[in-house]
Amino acid sequence: MIDGTVSDKDIQLIKNGTVGDENYVLYKVAATITKKFDMNRFPVDDQFLTIVIQDTVDQRDKLIFVPDKEGSSVGDNVNVSGYGVNSFNMTEKPFSYNSTMGDPTVSSGVFSQLRTGILLSREDNTVLFVSLIGMFIAVLAALSSLFIMSFRGVFPWRELPCSC
């Protein structure tokens with residue numbers, strides 16, 4: 001799991017089989033994925049969440065992930081407050097490291113990566129309105145100060161010296 005952690009207790013073998021000359025294995029995996037959100041466009045932002053899976057041992061000539069595009073989707077229980085799920089996509093792509101990672105017996109090769117992307121979009125602009133209302137009030141207060149007249153000559157007792 002790229003940008004995440006999976007412990008051994010979170011992996012459960014569901015099914016192992018062969019179809020024709022291809023072997024397949026189905027696992028149920030629970031993972032903790034770390035994602036840094038780009039907040040430059042907050043509060044009118046969209047977020048693209050990615051899940052990247054890659055085998056750390058077998059290279060692409062021995063193992064290729066095949067995305068199940070017809071049987072995969074975002075579950076109904078996925079809920080990100082303030083966002084709605086806009087789209088979902090899966091793809092497999094080759095990925096190579098320009099390093100042997102410290103092991104001279106390993107050639108730097110090409111690995112198979114399964115990439116899943118979920119596009120989240122803002123559901124409404126209430127957050128934008130709430131974020132900007134303070135700024136609107138501050139601008140109104142600053143502009144209203146232009147209409148306040150000076151009372152310096154109207155109240156002469158304020159200019160009397162203090163006899164303390």
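## Val25 and its surroundings

Not counting residues up to four places away in sequence, Val25 touches Leu13, Lys15 and Asn16. Val25 itself is found in strand S3. From Val25 to Lys15 the C-alpha to C-alpha distance is 5.8 Å, with 10 residues of sequence separation. The model described here is predicted.

Is Val25 buried, exposed or partly exposed? Its relative accessibility is 43%. Val25 therefore counts as partly exposed, since that class lies between the 20% limit for buried and the 50% limit for exposed.

## The S2–S3 hairpin

Strands S2 and S3 pair in the antiparallel sense, and the pairing runs over 8 bridges. Leu13 has Tyr27 in S3 as its bridge partner. The two strands form a hairpin with 2 residues between them. Gly20, in the turn, has a positive phi of about 65 degrees.

## Overall composition

The chain contains 1 helix and 7 strands. Read from the N terminus, the order of elements is β-β-β-β-β-β-β-α.

The chain has 164 residues, of which 14% count as buried. For contacts between residues at least 6 apart in sequence, 63% join residues at least 24 apart.

## The largest pocket

The largest pocket holds about 2,000 Å³ of space. Which element supplies the largest share of the lining? That share comes from S3, with 8 residues.

In total, 45 residues line the largest pocket. Those that lie nearest its centre are Tyr27, Val29, Ile53, Phe65 and Leu114. Tyr27 is also the bridge partner of Leu13.

## Glu92 in strand S6

Glu92 lies in strand S6. Its relative accessible area is 17%, so Glu92 is buried, the limit for that class being 20%. The side chain of Glu92 makes a polar contact with the side chain of Arg60 at 2.9 Å. A polar contact at 2.8 Å joins the side chain of Glu92 to the side chain of Ser112.

Leaving aside neighbours within four places in sequence, the residues in contact with Glu92 are Arg60, Ile64, Phe65, Pro67, Ser112 and Gln113. One of these, Phe65, is also among the residues nearest the centre of the largest pocket. Glu92 and Gln54 are 38 residues apart along the chain, and their C-alpha atoms are separated by 9.9 Å.

## Ser121 in strand S7

Ser121 is found in strand S7. Is this residue buried or exposed? Ser121 has 15% relative accessibility and therefore counts as buried.

With neighbours within four places in sequence left aside, Ser121 is in contact with Asp46, Gly82, Tyr83, Gly84 and Asn86. For Asn86, there is a polar contact between its side chain and the side chain of Ser121, at 3.1 Å.

How values were computed
Residues are numbered from 1 along each chain as its sequence is written. This is a predicted model: local features need pLDDT of at least 70, side-chain atom pairs count only at pLDDT 80 or more; totals for chains, interfaces and linings use all residues. Side-chain values use heavy atoms; hydrogens and water are left out. On a 1 Å grid over the protein atoms alone, a cavity is a set of points where a 1.4 Å probe fits but cannot get out, and a pocket is an open set with protein on both sides within 12 Å along at least five of seven lines; lining residues have an atom within 4 Å of a point. Grid points are joined across faces, edges and corners, and a volume is the space filled by probe spheres set on the points. Helices (H or I, at least four residues) and strands (E, at least two) are DSSP runs, numbered from the N terminus. Two strands pair if DSSP finds at least two bridges between them. Buried means under 20% relative accessible area, exposed over 50%, partly exposed in between (1.4 Å probe, protein chains only). Contact means heavy atoms within 4.5 Å. A polar contact is a pair of N or O atoms within 3.5 Å; within protein, one must be able to donate a hydrogen and the other to accept it, and residues adjacent in sequence count only if both atoms are side-chain atoms.
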